[in-house]
Amino acid sequence: MRMPKMHWAFLFVVLLAHSCNGFYLPGSYMHTYSTGDNIFTKVNSLTSIETELPFSYYSLPYCKPDEGIKKSAENLGELLMGDQIDNSPYRFRMNVNESIFLCTTPPLSEHEVKLLKQRTRDLYQVNMILDNLPVMRYATQNGIKIQWTGFPVGYTPQNSNEDYIINHLKFTVLVHEYEGRGVEIIGTGEEGMGVISEGDKKAASGYEIVGFEVVPCSVKYDVETMIKLHKYDNITTPSCPLELEKSQIIREQERVSFTYDVEFVKSDIRWPSRWDAYLKMEGARVHWFSILNSLMVIFFLAGIVFVIFLRTVRRDLTRYEELDKEAQAQMNEELSGWKLVVGDVFREPEHSKLLCVMIGDGVQITGMAAVTIVFAAFGFMSPASRGMLLTGMIILYLFLGIIAGYVAVRLWRTVKGTTEGWRSVSWAVACFFPGIVFVILTVLNFILWGSKSTGAIPISLYFILLALWFCISVPLTLLGGFFGTKAEAIQYPVRTNQIPREIPARKYPSWLLVLGAGTLPFGTLFIELFFILSSIWLGRFYYVFGFLLIVLILLIVVCAEVSVVLTYMHLCVEDWRWWWKAFYASGSVALYVFLYSINYLVFDLQSLSGPVSAILYLGYSLIMAIAIMLSTGTIGFGMSFYFVHYLFSSVKID
């Protein structure tokens, strides 16, 4: 029994809506704690939206754990993102509310004071983690409640040259009592994936951590009293002072005492929902409606363009085929148009090897982006698994080299009519885009090394990346190229003349049309681009991959349509050099993306300070723009090639 079309459409909409709403398989593998169990926090790199240079937590004179500093195991994505997760001396005991003394520093040296003042004025944030949850802070600005992850190193009061350090933390840990009953929970995270069985549930009864909040304070203590205390001694809970005289100033020879208090609060939040507070930030409604509005407008415009275009081509083909031979000859003499370039339309383009290489890399990048977004939309990229998204993208890119090599060599064979030189093409595909990224990252890495930032890629990781490149990506690309030589070349429907046809002079340069064509794909992308840039540079969580998937599909459709329309327009004015123009018609969206990135830097990242931060931002934006150019250009070229092949195979040739 066949399902009616309306039912299929309804099913598709339901699944699409589910992919937008079904956020994730949340958190890491669930931990339950009994009353009195020790729970230790971890600390990530210090970060700032002013400099974008992460630094180690222990680069500042904070209290260190008794057992020494131990780094947590980090995946490839975390290392590339500059994360450095270490243990910390902050210890909680489940369901025990207490105020604890940690340590008193030796007198601050000139270097330590200078460093603390610099980190304070650059708005650096301390990022703590408890049970894989980042610490959250609430603040009120202009009557609006704002939530942040992390808390500041210190603060500088208005109209003051003095800086004050945050040395007392008021933690609130939200816990949910788990009785070992209910639905099965699947976890993804640092510990991998797991399903809690019925037997485990009974053993796992206890308390789950479902929230981690902090109120930072600066408190000036009496040093003589504090140095008599030992680590983890109980103290009287201090209140956060409003007077600067009672706050801890950052000054040479000052001794800073670090303390904290913790309160456990029972919550109705269940463990699978504990990330909702991080993901559902304010302004989400504006985000959804603006994207939906953009999608509707773009679909409407693209539909009109495509319908008009189809009718035009069909009319031309019908008129041409209905004429007899004599009339066709007369028509060819009297009229200009795409029918006159039949003997030149498949002539080999300039720099054909570079075109094949860029198409191969574009296929690889497009495949990587599509598979990653699909997996993320269906919940396989949890925000609790730090670096998982970037790690997954790198692995996908490596293994998609086989498809890149195949596509590039097959196109090379089609253009050249021979397989000679396929190894050179395959090597170029394997090295072109990764080589550009490697050069840019190396330059940026030298800058990060000079700044002693944890964002710098370690030498060992450099060798790992090179090994992945040359031991996995290159061999797979060569293997794909070999398969490409065995595949049948695409047969052109018409013969190419020996002498190229002269292209009539035009009133305006064709590159203006090519550049203008990129505005329509950019229109589908720029709203989502704003949220992605905010996620990367302002430290916000981005997890609406369902809508990103819709935008990706829309972008592919619009790139294909724009490139086909522009190719048709060039053929109509007897310009048979359509290959590169088809690529850049949709690929020119990258120019607008890069310009928008500069606009975002100037107007939305006004706090970004110093040339080092600006160079880092522009370097990463350039990598993103090149990847978008290769991907969208490949989509446009592929559709245009199919269209031209279909168009001229429909013409009767004597």
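**Entry 1: α9 and α19.** I started with helix α9 (residues 352-377) and helix α19 (residues 611-649), whose axes lie 8 Å apart and which pack at an angle of about 105 degrees. I am working with a predicted model. Angles of 65 to 115 degrees count as roughly perpendicular, so I noted α9 and α19 as roughly perpendicular to each other. Next I looked up who makes the contact. From α9 I listed Leu355, Met358, Ile359, Asp361, Gly362, Val363, Ile365 and Thr366. From α19 I wrote down Ala627, Met629, Leu630, Ser631, Thr634, Ile635 and Phe637. Sorted by class, this contact has 10 nonpolar, four polar and one charged residues.

**Entry 2: α12 and α13.** I then turned to helix α12 (residues 422-450) and helix α13 (residues 459-486). Their axes come within 8 Å and cross at roughly 160 degrees. Angles over 145 degrees count as roughly antiparallel, which means α12 is roughly antiparallel to α13. I noted the crossing of α12 and α13 as right-handed. By class, I found 17 nonpolar, seven polar and one charged residues in the contact of α12 with α13.

**Entry 3: α14.** Which residues of helix α14 (residues 510-517) are buried? I found Ser510, Val514 and Ala517. They sit on the same side of α14, because they cover an arc of only 65 degrees around the axis. I also checked what the buried residues of α14 pack against, and found α15 (519-537), α16 (545-572) and α17 (579-587).

**Entry 4: Leu80.** I found Leu80 in helix α2 (residues 76-81). Its relative accessible area is 22%, so I put Leu80 down as partly exposed. Leaving aside neighbours within four places in sequence, I saw Leu80 in contact with Leu390, Ile394, Ile457, Leu461 and Leu465. I also looked up Leu80 and Ala456: they are 376 residues apart in sequence, and 8.0 Å apart in space, C-alpha to C-alpha.

**Entry 5: Asp37.** Where does Asp37 lie? I located Asp37 in the loop between α1 (5-21) and β1 (38-43). Asp37 has 30% relative accessibility, so it counts as partly exposed. With neighbours within four places in sequence left aside, Asp37 is in contact with Phe92, Arg93 and Met94. For Asp37 and Asn95 I noted a separation of 58 residues in sequence and 8.6 Å in space, C-alpha to C-alpha.

Key. Residues numbered from 1 in each chain as written. Predicted model: local features only at pLDDT ≥ 70, side-chain atom pairs only at ≥ 80, totals over all residues. Heavy atoms only, no water. Axes fitted to C-alpha atoms, helices over the stretch in contact; angles between N-to-C directions. Helix = DSSP H or I, 4+ residues; strand = E, 2+ residues; numbered from the N terminus. Parallel < 35°, antiparallel > 145°, perpendicular 65-115°, else oblique. Left-handed = near helix turned anticlockwise from the far one by under 90°. Nonpolar A, V, L, I, M, F, W, Y, C, P; charged D, E, K, R; others polar. Buried < 20%, exposed > 50% of the residue type's maximum accessible area, 1.4 Å probe, protein only. Arc of directions from axis to C-beta. Contact = heavy atoms within 4.5 Å.
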